[in-house]
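Look at the sequence and the model together before reading on. The report below describes the chain part by part.

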Amino acid sequence: MKYDVIIIGAGASGLMAAIAAGRKGSSVLVIEHKDKAGKKILATGNGKCNYTNLLQEDHCYRCDNSLFPQKVLRLFDTDNTIEFFKKLGIYPKEKNGYLYPNSEQSASVVQVLLMECRRLGVKFNYNEKIIKFVKPNFTLITDQGTYYGKNLILATGGCASSKLGSDGSGYDYAKFFGHSIIKPLPALVQLKSSDKYRKTISGVRVVGNIKAYGNDKVIGEETGEMVFTDYGISGIPIMQISRFVAKALDKKNKVKLIIDFLMDKRKNEVIDILKYRITYGKGKSVEEMMVGLFNNKLSYVMILKSNIDPTMICDKLKAKDLEKLADNIKEFTMIIIDTNSFDKAQVTAGGVSTLEINEKTMESKITKGLYLSGELVDVDGTCGGYNLQWAWSSGYVAGTSAGAL
Ligand SMILES: Cc1cc2nc3c(=O)[nH]c(=O)nc-3n(C[C@H](O)[C@H](O)[C@H](O)COP(=O)(O)OP(=O)(O)OC[C@H]3O[C@@H](n4cnc5c(N)ncnc54)[C@H](O)[C@@H]3O)c2cc1C
């Protein structure tokens, strides 16, 4: 069977590419190895699909070739995305710039994409495994047949959450066509710590400022609510800095987090707060004196990390003890030894090098007629709808270019 465009992967970028190519009048075949399309879309935004964000800034997209993402995003931006989905039926609901379908069902997003594909006559083959590609051009041999594509779009995703379909096989296909791969690492992922007190504070949620250091250099900074866990630390700010931590750990850097739990106070002000509490808490133990300032478990660990006996009467604290306690409030240190695995990660950092891709078309600079889109490419976004926006934009550009007859 011959097609103008063959797309591997029926995820966000593959579906968008199929529509864009179909709208150009091309015959389109989508090959998906899972039993249905858009499995990952269904899991997004806790089942509500945060499909884009009104706030678009350069730092929301990360790539070794830092200017690349914006060049592509400009060709199909947030406004285009909102309009595109509105026309398909997705009425947007906005929360602090984050956009969701008003139905609050990610299934609606998959449904409207598939309805549009059906209208355009896009053909879908599910549960189909690729055996090999044959050069020149794009002959595809699968476990169910042989197909010939004038153009080929690889939209197989990265290797995060492989149970949803993206198992990293796309990297081998890209390599087969001559591409180099920037080492894929888990991103938007929780961090593992060797801190001996991590289990004591497991379950504590707290707001703070987090600075991540790789070999004593700041590699990331975020503020927000974090959650301590049995293995280390989680929460949105942790996920946001995780890709920098993953890269630093991969380079064998020593990584630590320094957390400030009283961001609006300087160290001397924190010491004044402690002195005040001691003045009005005479006779209390150090642990009791801290009650009401932070979660009790966290205070307990701060006291232990300061080498203070929590049962000691607080009046006996010396100036150097207050210094240490203030340090553990302003500069609570956690050594990070790893990230959680790809299975727990929301996205992949790394992928096909963007230096080898034309930013106007998403066409390979190495193999004519080959296009690459979505998470397979070395672009990852922060939390907040940016990864889907990248999938929509790059999928649209790839589909429009590959589908131009
Ligand atoms: C739990 C979770 C929540 C998320 N929430 C959000 C969110 O709210 N907002 C946001 O912007 N981003 C979110 N993301 C990230 C976002 O979903 C992805 O970045 C995006 O879906 C990537 O799109 P893609 O098309 O590139 O890849 P994918 O969506 O992974 O699709 C790739 C497709 O290719 C198929 N495939 C892979 N290999 C082959 C092969 N060899 N042969 C045939 N088919 C193949 C896969 O089965 C899959 O269907 C979330 C991710 C996860 C895991």
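## The chain as a whole

This is a predicted model. The chain is built from twelve helices and 20 strands. Its C-alpha atoms fill a box of roughly 85 × 40 × 35 Å along the principal axes.

Of the 405 residues, 48% count as buried. Contacts can also be sorted by how far apart the partners lie in sequence. Among contacts between residues at least 6 apart, 74% join residues at least 24 apart.

## The shell around the ligand

There are 40 residues around the ligand. Gly-9, Gly-11, Gly-157, Gly-165 and Gly-374 are the closest of them. Four helices each supply at least two residues of this shell: α1 (12–23), α2 (39–43), α6 (169–176) and α12 (386–403).

Sorted by class, the shell contains 15 nonpolar, 19 polar and six charged residues.

## Two helix pairs

Two of the helices that supply the shell, α1 and α12, also pack against each other, with their axes 7 Å apart and at an angle of about 35°. Their crossing is right-handed. On the α1 side the contact includes Ala-12, Ser-13, Gly-14 and Met-16, and on the α12 side it includes Leu-388, Ala-391, Trp-392 and Ser-394. By class, this contact has 13 nonpolar, eight polar and no charged residues.

Helix α8 (residues 267–279) and helix α11 (residues 319–330) form another pair, with axes that come within 9 Å and cross at roughly 120°. Here too the crossing is right-handed. Lys-267, Val-270, Ile-271 and Leu-274 in α8 meet Leu-322, Leu-325, Ala-326, Ile-329 and Lys-330 in α11. The residues of this contact divide into seven nonpolar, no polar and two charged.

## The barrel

Six strands form a closed barrel in the order β12-β15-β14-β13-β16-β17, with antiparallel pairing. On average, and ignoring direction, neighbouring strands of this sheet are turned by 45° against each other.

Val-206 stands opposite Met-226 in β14. The two strands make a hairpin with two residues between them, and Asn-215 in the turn has a positive phi of about 45°. Strand β13 is also joined by six bridges to the antiparallel strand β16 (residues 255–260), where Val-255 is the bridge partner of Gly-214.

## Another hairpin

Strands β5 (residues 92–95) and β6 (residues 98–101) run antiparallel and are joined by four bridges. Glu-94 has Leu-99 in β6 as its bridge partner. Two residues lie between the strands of this hairpin, and Asn-96 takes a positive phi near 50°.

Is Tyr-3 buried or exposed? Tyr-3 lies in strand β1 (residues 2–8). It counts as buried because 22 C-beta neighbours lie inside 10 Å, and the cut-off for a buried residue is 20 or more. Leaving aside neighbours within four places in sequence, Tyr-3 is in contact with Ser-27, Val-28, Leu-29, Tyr-147 and Gly-149. Lys-199, by contrast, is 196 residues from Tyr-3 in sequence, and their C-alpha atoms are 56 Å apart in space.

Is Thr-146 buried or exposed? Thr-146 lies in strand β10 (residues 146–154). It is exposed because 11 other C-beta atoms lie within 10 Å, and a residue with 12 or fewer counts as exposed. Not counting residues up to four places away in sequence, Thr-146 touches Thr-139, Leu-140 and Ile-141. The C-alpha atoms of Thr-146 and Ile-130, which are 16 residues apart along the chain, are separated by 9.7 Å.

Terms used. Residues are numbered from 1 along each chain as its sequence is written. This is a predicted model: local features need pLDDT of at least 70, side-chain atom pairs count only at pLDDT 80 or more; totals for chains, interfaces and linings use all residues. A residue is near a molecule or strand if its C-beta atom, placed from the backbone, lies within 6 Å of it. Ala, Val, Leu, Ile, Met, Phe, Trp, Tyr, Cys and Pro count as nonpolar, Asp, Glu, Lys and Arg as charged, and the others, Gly among them, as polar. Axes are lines fitted to C-alpha atoms, for helices over the stretch in contact, and angles run from 0 to 180 degrees between N-to-C directions. A crossing is left-handed if the near helix is turned anticlockwise from the far one by less than a right angle, and right-handed if clockwise. Two residues are in contact if their C-beta atoms, placed from the backbone, lie within 7 Å. Two strands pair if DSSP finds at least two bridges between them.
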